[in-house]
Amino acid sequence: VVLAGRDPAALDDAAATVRTAGAGRVETLPFDALDPAGHDAVLDRAGDLVGDLDVVVLAFGVLGDQARDEQGGDGAVTVAATNYVGVVSAGLAAARRLRTQGHGTIVVLSSVAGERVRKANFVYGSSKAGADGFALGLGDSLAGSGVRV
């Protein structure tokens, strides 16, 4: 198992939990959704550690603060960049890697907030709705490749 994330302490805790659950070998790698230029390298490094990647799980996002984000600043942009642009970039990187292998599964975890975007958290909800649409299209684009979303 390879776990990738931006908080080294949280990664170490998660790795310990996964080992306790029975995984023999657990590696950790730095990953930042806001660093699209590094997404291919993270997947390449994961492949270097374990060989073919059977399942890539994209499970990240930030909620933000709707009231504050509506007032300006870059909070809303960070939510959108993390939850949508990060998923697009990491999803495409995973698709390229798995397509080259000829097999694998990409799991995109989203949020019910993307199903029906609501006034109370529309920045977050709309970013998750975009990620949902991207995942559907990515799955369609991979038909026949041996890769599933």
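This is a predicted model: local features need pLDDT of at least 70, side-chain atom pairs count only at pLDDT 80 or more; totals for chains, interfaces and linings use all residues.
**Exercises: a pocket and a helix pair**

Helix α2 gives the largest share of the lining of the largest pocket, five residues. Residues are numbered from 1 along each chain as its sequence is written, and side-chain values use heavy atoms, without hydrogens and water.**Exercise 1.** Find which residues are closest to the centre of the largest pocket.

*Solution.* 
- Start with the volume, about 790 Å³ (the space filled by probe spheres set on grid points, joined across faces, edges and corners).
- A pocket is an open set of points on a 1 Å grid over the protein atoms alone where a 1.4 Å probe fits, with protein on both sides within 12 Å along at least five of seven lines; lining residues have an atom within 4 Å of a point.
- Of the 30 lining residues, Val2, Leu3, Ala4, Gly5 and Val57 are the closest to the centre.

**Exercise 1.** Work out how α2 and α4 are oriented to each other.

*Solution.* 
- Locate α2 at residues 39-50 and α4 at residues 75-101 (helices are DSSP runs of H or I, at least four residues, numbered from the N terminus).
- The two pack at about 40 degrees, with axes 9 Å apart (axes are lines fitted to C-alpha atoms over the stretch in contact, and angles run from 0 to 180 degrees between N-to-C directions).
- That angle makes α2 oblique to α4, because angles under 35 degrees count as roughly parallel, over 145 as roughly antiparallel, 65 to 115 as roughly perpendicular and the rest as oblique.
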